[in-house]
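Visitor: I have a structure to look at and would like someone to walk me through it.
Guide: Go ahead, bring it up and ask.

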Number of protein chains: 2
Amino acid sequence: RSDLIITTGGLGPTEDDITYQIIARALNLKLIKYPEAEENLKKFLNKIKIKVSLSNLKQVYLPEGAKIIINQYGTAPAMILEKDNKIICSFPGVPHEMKNLIEENLIPYLKEKFPPSMIKKSKTLKITGLGESSVNELIRNYINKQTNFSFGIYANPEDIQVQVTTQAPTEKETDKLLQLSVNQLTKILGNYVYGTDKQSLEEVVGNLLKTKKLKVAVAESCTGGMLGEMITRIPGSSKYFQGGVISYNAKVKEDLLKVPPEVIRKYGEVSKEVAQLMAERVRRCCHSNIGISITGIAGPGGATEKKKVGLVHMALSDGKKTITQKHQLFGNRQLVRLRSTRRALNMLRMYLTKK
Amino acid sequence: RSDLIITTGGLGPTEDDITYQIIARALNLKLIKYPEAEENLKKFLNKIKIKVSLSNLKQVYLPEGAKIIINQYGTAPAMILEKDNKIICSFPGVPHEMKNLIEENLIPYLKEKFPPSMIKKSKTLKITGLGESSVNELIRNYINKQTNFSFGIYANPEDIQVQVTTQAPTEKETDKLLQLSVNQLTKILGNYVYGTDKQSLEEVVGNLLKTKKLKVAVAESCTGGMLGEMITRIPGSSKYFQGGVISYNAKVKEDLLKVPPEVIRKYGEVSKEVAQLMAERVRRCCHSNIGISITGIAGPGGATEKKKVGLVHMALSDGKKTITQKHQLFGNRQLVRLRSTRRALNMLRMYLTKK
């Protein structure tokens with residue numbers, strides 16, 4: 001029922017390798033010896049110092065009329081057989097042989113035989129700071145009006161991704177169409193879009209810091225080092241990341257970051273006031289232009305009447321002013337920590353793009 | 001053609017979430033509103049302070065006759081639908097929601113619906129500090145002699161895992177058999193086994209620290225906070241983790257950790273001497289019993305003639321003595337960082353189990 005059949009495997013020397021036999025029987029063709037296959041087989045086995053055996057010689061018989069493809073990676077020849085407007089392509093099953101032969105022979109053959117009438121491409125917008133349903137509300141009107149594009153919205157703990165797919169007769173036209181839709185979506189979603197495709201938030205932030213020649217330091221409480229870890233995933237981050245303090249315990253906040261004990265007593269470790277001081281002090285003691293801080297209750301323990309699990313205060317100081325943010329995040333301990341870290345990175349991105 | 005279908009995803013609020021619509025159409029069922037789902041949705045969105053939107057309300061319509069499963073982790077209810085001796089189970093696609101709901105609801109349901117005649121169980125030994133082939137060499141003789149068990153050896157960037165599987169008519173017999181093999185393997189592999197099943201290295205280390213009433217602090221260079229982040233994944237880690245310093249830049253090593261500039265000049269930032277001082281100083285300035293440090297070249301840049309990418313020095317100081325380790329690790333930047341962090345955690349585990 002199919003017009004094109006592609007088989008892999010069953011071309012070897014053993015008893016259970018019967019692909020060519022079955023094809024020949026199904027199409028009522030004879031198996032004939034292909035001298036170029038025999039030559040290649042002998043050359044190949046000689047190279048790896050193995051004697052030609054009788055079972056090997058079985059491999060040089062292919063269905064008559066087949067266009068043989070010599071396999072320089074092994075002993076089994078591949079083939080493409082056209083008959084009665086149907087095509088059968090057989091390739092060896094050994095992974096690297098199959099992969100190489102298909103890339104070098106089958107794909108070019110199919111592209112020439114069936115020139116694609118349409119080129120299909122996708123692009124993904126990466127969004128942070130908005131939930132999945134908010135993204136949907138914002139872009140629904142636009143999406144519903146489109147006929148040339150298909151859309152997918154994907155949520156993961158780190159961000160929301162909107163994938164646009166389209167097709168056109170040429171690559172150039174596809175790219176142009178795709179860019180059109182990406183521009184429209186970016187216009188609607190504004191600064192919530194931080195990048196496209198494989199770009200990560202930490203990479204985008206790193207590039208902004210590099211361009212603006214600014215250095216950053218972190219003071220982390222509930223995230224325990226996650227913000228520093230994420231920033232330093234990027235090769236070359238030493239150009240803009242100075243380091244920081246993991247002030248998990250109040251004593252570390254007091255001694256290393258010089259947060260006055262009375263401030264901690266009065267407002268609590270998880271407070272706007274402490275976050276503010278942490279950002280200001282880490283900026284100074286790590287000799288950076290910007291200090292960022294995170295202090296929160298990741299849970300499951302640590303909550304009080306007024307401060308619930310998921311409460312996180314963060315701050316960004318540039319020496320002139322200090323911005324603060326308060327979030328009530330949800331999810332388990334690790335999700336609260338991850339979301340805090342992403343919010344802090346996004347706070348930094350917003351600061352750098354507004355400047 | 002299948003008797004049981006399990007779907008995940010497509011239960012969200014957006015236009016492309018159509019799992020329930022498709023199931024209803026395929027089985028010729030109406031979609032009806034489930035009040036308990038609506039109640040849960042409103043409660044959940046209220047908790048995270050998001051307004052109920054029209055697209056959210058779509059989520060409370062399920063095929064009629066479905067046994068609804070309320071999702072306390074998100075907005076999308078799951079369901080189990082029995083019809084004409086076939087079963088369809090639909091669960092949300094958000095990983096943590098799916099995982100929790102399947103463990104709590106689907107697995108118990110299937111166990112009751114299809115009670116097994118033999119009880120099959122597996123246990124996994126987690127091994128660190130040995131490579132896959134070394135583990136294989138050590139246990140091969142034992143494995144080859146066994147007939148009641150099947151074994152799998154799995155390598156991942158964090159550790160090596162040996163999984164033992166066996167079955168018996170009752171749960172008690174299965175457990176007994178399994179424990180027998182686990183004991184034998186643990187005897188062969190010794191202290192390289194750090195835990196079983198879902199136990200993580202950071203959890204094992206945390207329990208040791210808690211039992212011994214010891215506190216730890218970290219000084220991290222190339223790992224940028226990863227060691228602190230990993231230790232603080234464990235709820236209650238504030239009992240034994242004080243915090244630390246991310247001394248990414250040399251200035252931070254000098255100013256916050258008081259590593260003398262001349263030591264850095266003489267030996268370099270990535271050296272035994274600097275690792276030693278980092279561990280000793282962070283121990284003191286963070287008021288902990290133990291200080292651990294990591295300094296290395298994660299790459300791709302930063303290598304010199306003598307110091308290649310993957311060179312990592314680490315140290316552990318307890319105030320009386322300082323242990324050091326030097327590793328030449330392989331893999332890309334993130335793998336070198338991950339492996340460094342695991343080695344440091346294992347150094348701490350070895351120290352705590354020997355004491």
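This is a predicted model: local features need pLDDT of at least 70, side-chain atom pairs count only at pLDDT 80 or more; totals for chains, interfaces and linings use all residues.

**A walk through the model**

Visitor: Where is A:Leu4 placed?
Guide: In chain A, A:Leu4 belongs to strand S1, which covers residues 4-8.

Visitor: Which residues make a nonpolar surface patch with A:Leu4?
Guide: A:Ile6 and A:Phe114 do. With A:Leu4 they form a patch of about 250 Å².

Visitor: How many residues line the largest pocket, and which are closest to its centre?
Guide: The lining has 48 residues, and the closest to the centre are A:Gly131, A:Glu132, A:Ala155, A:Ile160 and A:Phe330.

Visitor: Which elements give two or more residues to that lining?
Guide: From chain A they are helix H5 (132-145), strand S8 (149-155), strand S15 (322-328) and helix H12 (333-354). From chain B they are helix H2 (35-47) and helix H4 (95-113).

Visitor: And which one gives the most?
Guide: H12(A) does, with 4 residues.

Visitor: What about cavities, how many of 30 Å³ or more turn up in the whole structure?
Guide: The search finds 1. The largest cavity has a volume of about 50 Å³.

Visitor: Which residues line the largest cavity?
Guide: A:Gly10, A:Leu11, A:Gly12, A:Asp17, A:Tyr20, A:Gln21, A:Lys58, A:Gln59 and A:Tyr61.

Visitor: New topic, the backbone. Which residues does a cis peptide bond join in chain A?
Guide: A:Gly299 and A:Pro300, with omega about 0°. A:Pro300 sits in the chain A loop between strand S13 (290-296) and strand S14 (311-317).

Visitor: What is omega for the peptide bond from B:Gly299 to B:Pro300?
Guide: Omega there is near -5°, and the bond is cis. B:Pro300 is in the loop between strand S13 (290-296) and strand S14 (311-317) of chain B.

Visitor: Why point those bonds out?
Guide: Most peptide bonds are trans, and most residues other than glycine have a negative phi.

Visitor: Then what is phi for A:Lys258?
Guide: A:Lys258 is not a glycine, yet its phi is positive, about 55°. A:Lys258 is in the loop between helix H9 (250-255) and helix H10 (261-267) of chain A. A:Lys258 counts as exposed because its relative accessibility is 55%, and the cut-off for exposed is over 50%.

Visitor: Where does B:His287 lie, and what is its phi?
Guide: B:His287 lies in the chain B loop between helix H11 (272-285) and S13. Phi of B:His287 is positive too, near 55°. With a relative accessible area of 36%, B:His287 is partly exposed.

Visitor: One more lysine. Where is A:Lys239?
Guide: In chain A, A:Lys239 is in the loop between helix H8 (226-231) and strand S12 (241-246). A:Lys239 counts as exposed because its relative accessibility is 58%.

Visitor: Which residues does A:Lys239 touch, not counting residues up to four places away in sequence?
Guide: A:Lys210 and A:Lys215.

Visitor: And how many residues apart in sequence are A:Lys239 and A:Lys126?
Guide: A:Lys239 and A:Lys126 are 113 residues apart in sequence, and 25 Å apart in space from C-alpha to C-alpha.

Methods: Residues are numbered from 1 along each chain as its sequence is written. Chains are lettered from A and ligands numbered from 1 in the order in which they are written. Side-chain values use heavy atoms; hydrogens and water are left out. Patches are made of residues with over 30% relative accessible area and no salt bridge: like charges are joined within 9 Å, nonpolar side chains (Val, Leu, Ile, Met, Phe, Trp, Tyr) within 5 Å. Accessible areas come from the Shrake-Rupley method with a 1.4 Å probe; for residues, only the protein chains shown count as cover. A salt bridge is a side-chain nitrogen of Lys or Arg within 4 Å of a carboxyl oxygen of Asp or Glu. Buried means under 20% relative accessible area, exposed over 50%, partly exposed in between (1.4 Å probe, protein chains only). Contact means heavy atoms within 4.5 Å. On a 1 Å grid over the protein atoms alone, a cavity is a set of points where a 1.4 Å probe fits but cannot get out, and a pocket is an open set with protein on both sides within 12 Å along at least five of seven lines; lining residues have an atom within 4 Å of a point. Grid points are joined across faces, edges and corners, and a volume is the space filled by probe spheres set on the points.
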